[in-house]
Amino acid sequence: MKITIIGTGYVGLVTGACLAEFGHQITCMDKDESKISSLLNGEIPIYEPGLADLVQKNVQEGRLAFTTNLEDSVGGAAAVFIAVGTPSSRRGDGYADLTYIYAAAKELALHLKGYTIVIDKSTVPVGTARQVARLIREANPEADFDMVSNPEFLREGAAIADFQRPDRVVVGAESEKAQGVMKEIYDPLYLLSTPFVFTDLESAELIKYASNAFLSIKISFINEMANLCEQVGADVVDLAKGIGLDGRIGAKFLHPGPGFGGSCFPKDTVALLRIAQENGVSARSVEAAVEINAAQKAGMVKKIRDVLGGDLAGKTIGVLGLTFKPETDDLRDSPSLSILPPLHEKGATIQVHDPQGMDEASKIFPEFNYVGNSYEAATGADVLVLMTEWNQYRALDLDKIKSLMNQPVFVDLRNVYSPEKMRELGFTYVSVGRR
Ligand code: UDX
């Protein structure tokens, strides 16, 4: 099937490459000339494991093309995905900014030829798909189309695997015909008997927000339990295992840490609160998750300050990891962005390493020292903070680390190391939720 994807960001590019891999004829369209030209040169503007190879393979096999031309790419397609950005609005009030979605809808409306389904892939407030359909009908009353909501559940760093082996495919569709086309689009998954949830537009849109909000609540819950464990001398890793083995709870997303970050959870939880507020209902569980998350990040500043005896002036803090999670170059809403500046403002020198995030970070924080590896981050440090659990930080030569540091103090915000082992090695070791 000929399919066009509008938007070549995280979601658009992964969707396009994976649907091409399914055997469809894909055109990825973006208004940004520079993005399209770098893609045509085989350069991928984002760090997503496996994406570069998948794009290159499908371009070579002639199933994936890139263009800035909306007219041709929409006119020839049986399905058009809208995968443009829906950032938090610049007003900072938590509303999703739908400017790009509405602009795409008005433009593509003029170029639809023959029956086409228009599929909203971006994360959007409930009711957006119906609004997009209205805009298309207004712009082109003759358009023969159906509107579909098909939210994505892609984790950064695992996006391709999550697309190719999803837990479920959610489809909000207005007609049997549109449902039929969606089954055809995801045919390889249908054959794998991947569960499909066929529902209405509003439910599909809300499923996306509710999924991310629930995962955020899980993380904030385990972070609160971690703080309680520290006070009562319990171990949160054992607690997470003990509750996670209950099938009704599930073991995933019960890892305590410095708080959740990224381009989704922080944005989607606040957007859901706005949707609830606009519709006159409360979402206090989500409110709590957001508040707990802010407190968790602030708590990490205190944890680091306390282990340095309360005085940060003149201290050197080595930091391992800046990105909001491993296997990504994404710094958006990363906990490091709100944990490190207060430490620096109180007089500490910050020397950081991150496998992928330093280019971006050096634009935001020129005042930090960026170093080439973990051991340089440890050199002369009064404390070494493990912020993001990149694999390369999981098997450090701890004797070497200790010999390089000014004093052997290790703050492990991802519970990567064992408290007993670290103490045997002579470290003052602090982690999240453990004795
Ligand atoms: C998330 C959702 O998982 C995905 O389904 C959705 O489509 C987009 O948002 P992503 O934001 O890429 O994906 O990363 P994820 O792996 O979910 O982690 C989000 C944040 O939660 C990270 O900061 C991570 O460090 C944190 N986290 C995750 C925890 O602190 N503890 C956990 O147990 C899991």
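Hi everyone. Let's start with the ligand: the shell around it takes at least three residues from each of domain 1 (2–199) and domain 2 (227–430), with bounds from an automatic or database domain assignment. This is a predicted model, where local features need pLDDT of at least 70, side-chain atom pairs count only at pLDDT 80 or more, and totals for chains, interfaces and linings use all residues. Residues are numbered from 1 along each chain as its sequence is written, and side-chain values use heavy atoms, leaving out hydrogens and water.

How many residues surround the ligand? There are 18, and the closest are Glu156, Lys208, His255, Gly261 and Lys325; being near takes a heavy atom within 4 Å.

Now the polar contacts, meaning pairs of N or O atoms within 3.5 Å. A polar side-chain atom of Lys208 sits 2.9 Å from a ligand oxygen atom, and a backbone N or O atom of Leu154 is 3.0 Å from an oxygen atom of the ligand. Taken alone, the ligand exposes 660 Å², and the protein buries 93% of that (Shrake-Rupley method, 1.4 Å probe).

On to the sheet. It is open, with 8 strands in the order β3-β2-β1-β4-β5-β6-β7-β8 and mixed pairing; strands are DSSP runs of E, at least two residues, numbered from the N terminus, and two of them pair if DSSP finds at least two bridges between them. β3 (64–67) and β8 (196–199) are at the edges with a single partner strand each, so one side of each has no neighbour in the sheet.

Finally, β6 (residues 145–149) and β7 (residues 169–173) run antiparallel, joined by 2 bridges. There, Val148 stands opposite Ala173 in β7.

Conventions:
A polar contact is a pair of N or O atoms within 3.5 Å; within protein, one must be able to donate a hydrogen and the other to accept it, and residues adjacent in sequence count only if both atoms are side-chain atoms. Helices (H or I, at least four residues) and strands (E, at least two) are DSSP runs, numbered from the N terminus.
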